[in-house]
Amino acid sequence: MKVIKILAIALFFSFLGFSLEMGAVSGKMPVLHGKAPVHKTKYFVAHGEVVNGKVVVNVPISSANPLIVLLGEKADSVYMDSVYKLKSRRFNTPELENMEVPGVGTRVDAKNITPGYHTFVFNVKSAKKAPVDVVVSEPDSPVELKLVAEPLSVKVGDTVTIKADLGKNVSSLKTVVKAIIKGFGEIDLKDDGEYPDEVKGDGIFSGSLVAYSEKSFQPEMVKVEVIGVTRNGVPFMRSGTTSFMVTKPTTFIDGSIQENGNVISIPLAPAEGRYRIEVIYGNEDHALAYAREDVVLKGEGKNIVIPRPFEAMAANRAVVRVLNMDTLGVEVEEELFVKQFADFNEDLYLLKEKKMHKNVLPESKRRAAEKYGDKPEKNGELM
Amino acid sequence: MRLKRFLFTLIVFSLFVFNIQAKTGIAFVHGKGDSDLANYSVAWDYWTTDMLRTASKNYSIPLCVCHYNGEDYMWVAASQVAGQLYNFIVNNGIDDLVIETHSFGGVVIRWIFSNPDWDSRYPTIINATRWVNAIAAPQKGSEAADFAGNLEGSWLTGWIVDLVNENTNSTHNCRTDWMAYYNQYWLKGTSGRPALPKPWYWISGYGLWNDYWTKFHYQDIGLATLSGVVGMPGEDDGMVSEYSAEAVGYQWFRTKANHHHNRRNDYKKIGEALATDF
């Protein structure tokens, strides 16, 4: 009976509003406030200048075979420590400019370099004074910067933690980690065991800030620069960037989100603009179903009622979001427990998921893949 | 009774006739780049004549080469692309559209297919589409875009010294953290999100040097260098990692063609592969 009631309500709502959308989803339930990716880098960028036809940088090398690249200029020759001439290759790749990386440059595949500070001199044709970048990438170095800013999605006033994990090989005392945030300035990331850092000397450097924005939505960029030494006394540098998204809410939940089994009611406070209300239902970590409604508010508040999709019968939790369609910010994100009407069969769920993701190519595509594709074995069978 | 049967047969027959008269079209949506990609001829050159001619079977399939400002965010670019696709569909009576995208173009089209109520033209485009072939799309972002934020004259310098050289909107859009945000809140097709309304097939690239050693092709060394410097996870085509290109839709095939070659019909016959859809 309950099932029929839910079906009827879902049907009724689907006829009512064109923007109501419901259906099954697969995969994991979303992480509240977003899951931030971890940026991993084994490179650093030394900013230099062309002066009298030369670019000179003095940088720490922590591995034997670094890839050193001068971006922005073609060098006729490259010397290390004024003595050793390094074999170099020049390139002109306009394709790189599509990603705002200079298309012109000089590449040095260095071999068997002794770790420590070295001076590299690039002799270039250009005589005019201009800023350039020298990138040093050390794929075989044990020092990797793993950088993350959490949470990914915050509201003004929330705390954001920036973590730079350099591993246990680095000296916490002799390593300096700075984070530069637009409109905020610099903060030092510390590995001292004091909040927000968790464990002293574990190689994870942490710092925090309170999110702020004057705009309704503002992606904030963070640049982290590291200079330090390993526990063996080898100097190194690393750099990386990360970001987080700050929303200055334009509406809020006027009261509380209510769930009565068949529907979820979201009382939005008076506001102006276009909003998307979406509910993702799941059982524990498994996402089951999705429902969304887009609404326009013209200064008034509104109680938004979202019906429960049929596919969410076995759900025991839901994530409710109010998204701002004008700014792309996340106004509200809450998790609630919902009544479970059916047993959740994990085996059946995994079977369904497998079926959903089974790659069934049309015959023409299958033949084309055989003829034009390379290494088709990596991702399993081609149908 | 006979009349009813006759009418029923007539309706079924007319539906059948209507169906076999489905008009096929092919549309190309380019990736990010300069603002001059808003020009039709620049967008055409992006793909190359050989690619467009081959994929459209010597232009026998009506062809739409979309062109948008390559520096814009996906939703701004999507608006420009939607106008061109909508007019193409309506003016030519297209109801069987195959959309070919390269790089960021695959993200732009995913915006349209993820947000059908955003723009009144989107449903027409979605309904007319048979499927999308996305070549090397940075669906989870690109580590190359993250790297671009480290460079002199980019965003950091721009903010501190108030220069104008900060990264463009589309480069920000291609960052892995920005795409993580959009994938979790605004786009469909990734794990835990609703499915896209039409079939979606990916082609990912994993080659780097390609014909550098045989033809000394100047584009290949730069892409191989960028891949090496950035240290992209897994395999990549010099600009986009395969894990990212493969994050949405079903596998069509993997290609050794790098990011320069996989929108062309030269090093590998990608255009010929696309033409097999018709």
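Student: Which residue in β17(A) does Lys163(A) stand opposite?

Tutor: Lys163(A) stands opposite Ser206(A). Keep in mind that this is a predicted model.

Student: Okay, and how many bridges join β14 of chain A to β17(A)?

Tutor: Seven bridges join them, and the two strands run antiparallel. Strand β14 covers residues 159-165 of chain A.

Student: What holds paired strands together in general?

Tutor: Strands of a sheet pair through backbone hydrogen bonds, either parallel or antiparallel.

Student: Chain A has a nine-strand sheet too. What's the order there?

Tutor: It goes β7-β6-β10-β4-β3-β11-β5-β9-β8, again an open sheet with antiparallel pairing. At the edges you find β7 (84-86) and β8 (88-92) of chain A, each pairing on one side only. Neighbouring strands of this sheet are turned by 25 degrees on average, direction ignored.

Student: Which helix packs on that sheet?

Tutor: Helix α12 of chain B, residues 218-230. That helix touches β3 (43-51), β5 (67-71), β8, β9 (104-109) and β11 (130-137) of chain A.

Student: Switching topic: how is chain A divided into domains?

Tutor: Domain 1 is 2-33 + 250-337, domain 2 is 45-137 and domain 3 is 142-247. The C-alpha centres of domain 2 and domain 3 of chain A lie 27 Å apart. Where those two domains of chain A touch, each gives seven residues to the contact. On the domain 2 side, β4 (54-61) and β10 (116-124) of chain A each supply at least two residues.

Student: What classes of residue are on that domain 2 side?

Tutor: Five are nonpolar, two are polar and none are charged.

Student: How many residues of chain A are in contact with chain B?

Tutor: 70 residues of chain A are in contact with 63 residues of chain B. Helix α3 (residues 363-372) gives the most to the chain A side, with six residues. That side divides into 32 nonpolar, 22 polar and 16 charged residues.

Student: Now chain B itself. How many helices and strands are there?

Tutor: Chain B has 14 helices and six strands. Of its 278 residues, 60% count as buried.

Student: Which residues have the most contacts inside the largest nonpolar core?

Tutor: Ala164(A), Ala27(B), Cys66(B) and Val108(B), in a core of 171 residues. The largest share, eight residues, comes from helix α4 (residues 74-92) of chain B.

Student: What does Cys66(B) touch?

Tutor: Leaving out residues up to four places away in sequence, Cys66(B) touches Ala27(B), Phe28(B), Val29(B), His30(B), Ala43(B), Val81(B), Gln84(B) and Leu85(B).

Technical notes
Residues numbered from 1 in each chain as written. Chains lettered and ligands numbered in written order. Predicted model: local features only at pLDDT ≥ 70, side-chain atom pairs only at ≥ 80, totals over all residues. Core = buried A, V, L, I, M, F, W, Y, C linked by C-beta atoms within 7 Å. Buried ≥ 20, exposed ≤ 12 C-beta atoms within 10 Å, placed from the backbone. Helix = DSSP H or I, 4+ residues; strand = E, 2+ residues; numbered from the N terminus. Domains from an automatic or database assignment. Nonpolar A, V, L, I, M, F, W, Y, C, P; charged D, E, K, R; others polar. Pairing = 2+ DSSP bridges. Axes fitted to C-alpha atoms, helices over the stretch in contact; angles between N-to-C directions.
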